[in-house]
Amino acid sequence: MDTITDFILNPRVSVFSQEGRNYLFDPVSRTYASINDTLLSFITKPDNADLFNQLSGKDQQDVRDVTKRLCQLGIFIQPEFAGRSDLYDRSGHSYSMTHLTLFVTTKCNLRCAYCYANGGDREKTITPEIWQPAMDYFFATIGSGMVNGETGSRHVSLSIHGGGEPTMEFVLLKEIVSAFYERANAMGLQPSVGMGTNGTYNDSVHRWIIENNISVNISLDGPGNIQNRLRPFRSGKPSFDIVTHNLSELVKAGRRVSIRATITDEAVDTMTDTMQLAKQLGLAAVHFEPVSQTGRGETNTVARPDPEKFVQNFLHCFLLGLQLNIDVYYSGMRCFEHCHQRFCGACGRNLCITPDGNITTCYEVLDSNDPAAKEFFVGKIDSARGLMMLDQDRIEQLNQRVTKNMVACKACFLRYQCAGDCPAKSFRHLNRDLYSPDPYRCRISERINKQLIIWLADGIIEPREVKKTSVFSLYN
Amino acid sequence: MTNKNELKIRMVTLDDHSLSNNAEGISAKCTCDGDCPTFDCRPQITPCDCDPQCNCDGNDEDQERFNKGKKKHATFFQMG
């Protein structure tokens, strides 16, 4: 190989120190390393010949061995490639067409204290004049994509999402899912259906879920006192018992079941209790997420958890999850993932249809009165003519919300995995700018991800333990 | 003169594609545009000069390759 001084540290690689120790993180090869001060001086400045020449012969050979290894991983590169390694450009990318999301109804039997969609406050249900043109467009696009060789995957999925509780319109729900399966099967595709639900459904819905192999993601915020306070029925009655009953039934049916726990300031100290509850129920995964202060959460007396408390409790739950064999997840926990250019499909790739016939890319932006609608609404269904009217310029603008354009993230170690964090939360915090990540979430993500990198580098956790949760999730 | 054994590193790599990386740290095999999680494109951020061929979304056969790659390529390197 070339001499050590011919190389530089790839700009994509981050080095940071914590509590007197040094760590290296390469997002591409997903390399996590702890290094001492002496070696750090070479890794950060491998082209410093004077430094190298001061070493003993044995240590020079050790440096060469490390250098060879780092070159193999792309962590060291030749300087002439440094200008390229951080660049990314993308053009001519088509709208995502293997995944369709329908918001069935705004009706809801719960009145959650923080509901981002003000679910149940008005009652609007999707009509055939709305969902059928969307499904027509979806399968027509899949079909033409297959003919033109643009669609390589034969897997198509339908998500039934919130804004209300979809099982409140069970007859319609069954009709939509049946139509999706039939059309996909007729085209020789492999369909799957997932649904976000509050978990208060009855036994007939449960049987339908099992018989139709519907993946479900159920919201449960924690122990009874928390769940019943934050997620009561509209009548005020508690919801904990019915939700945990339905979770148990899914587990009994052999399902790998996950919950989404929205964390407020009053729930943050119950996260460990939630893990124990998950163990009792036989759950496979817990997705913790700090509450969004939008919708009812903006006006009600719920507050975001203290970020440091959330971090500490999350990290404790992560380690506890390894003991209990429960995957623990947070949307900003990205350091074990492969590189992404986008935080989520809201950046121009989702196709989500609201009951009003609006087409949005973001699961959190459903109401045309929401100021964020001007960013995330990318079209409207013309129900009279049965047509999808898409704003291609808006889609392309959202498509530009990728890592390379996130100026605020240029120096962040997590930029290739986090990709600027949640664009809707970026928009909502203070200045209504898609390109300014919410510092509250950045603080949480930085703390959690750095600690996980450290744990893996130091051997506190093992590679086999860092698999991303493989259970169904609607939130990415 | 620095003493022996002063150089210490403990390094875990989840995607060791070192055999296929070229001098740029980019997979020599990559034929996609770098935005999908398939085996060939993961080692890179910069798009290759070749025509985009990969339109996968990480499902089906690509997911199988993804899983195989993940299991096969986790490596460990330690010194000192």
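Me: Where in chain A is the place of A419(A)?

Reply: A419(A) lies in the loop between α15 (415-418) and α16 (423-428) of chain A. Keep in mind that this is a predicted model. Although A419(A) is not a glycine, its phi is positive, at about 55°.

Me: Is A419(A) buried or exposed?

Reply: To read burial, count the C-beta atoms around a residue: 20 or more within 10 Å make it buried, and 12 or fewer make it exposed. A419(A) counts as buried because it has 24 C-beta neighbours inside 10 Å.

Me: And which residue other than glycine has a positive phi near 55° as well?

Reply: Look at N213(A), with phi near 55°. N213(A) sits in the loop between α7 (203-211) and β9 of chain A. Here the count is 11 C-beta neighbours inside 10 Å, so N213(A) is exposed.

Me: Now the sheet. How do I read the pairing of strands?

Reply: Strands of a sheet pair through backbone hydrogen bonds, and the pairing is either parallel or antiparallel. In this model there is an open sheet of 11 strands with mixed pairing, in the order β12-β11-β10-β9-β8-β7-β6-β13-β14-β15-β16 (chain A). Its edge strands, β12 (327-329) and β16 (387-390) of chain A, each pair on one side only.

Me: In which sense do β9 and β10 of chain A pair?

Reply: That pair is parallel: β9 (residues 215-219) and β10 (residues 258-263) of chain A are joined over 3 bridges.

Me: What about the antiparallel case?

Reply: Go to β14 (residues 358-360) and β15 (residues 377-382) of chain A, which pair in the antiparallel sense over 3 bridges. N358(A) stands opposite K380(A) in β15(A). β15(A) also pairs with β16(A), again in the antiparallel sense, over 4 bridges, and D382(A) stands opposite L387(A). The hairpin of β15(A) and β16(A) has 4 residues between the strands, and G386(A) takes a positive phi near 65° there.

Me: How many residues are in the largest nonpolar core, and which have the most contacts inside it?

Reply: The largest nonpolar core has 137 residues, and those with the most contacts inside it are L102(A), A134(A), F138(A), V286(A), F288(A) and I353(A). Helix α5 (residues 128-147) of chain A gives the largest share, 8 residues. At least three residues come from each of domain 1 (4-85) and domain 2 (99-393) of chain A. For a closer look, select I353(A): beyond its neighbours within four places in sequence, its contacts include L102(A), W131(A), A134(A), I359(A) and I381(A).

Me: Finally, what does the secondary structure of chain B come to?

Reply: Chain B has 1 helix and 2 strands, running β-α-β from the N terminus on. Of its 80 residues, 44% count as buried. Among the contacts in chain B with a separation of 6 or more, 38% join residues 24 or more positions apart.

Technical notes:
Residues numbered from 1 in each chain as written. Chains lettered and ligands numbered in written order. Predicted model: local features only at pLDDT ≥ 70, side-chain atom pairs only at ≥ 80, totals over all residues. Contact = placed C-beta atoms within 7 Å. Pairing = 2+ DSSP bridges. Core = buried A, V, L, I, M, F, W, Y, C linked by C-beta atoms within 7 Å. Domains from an automatic or database assignment.
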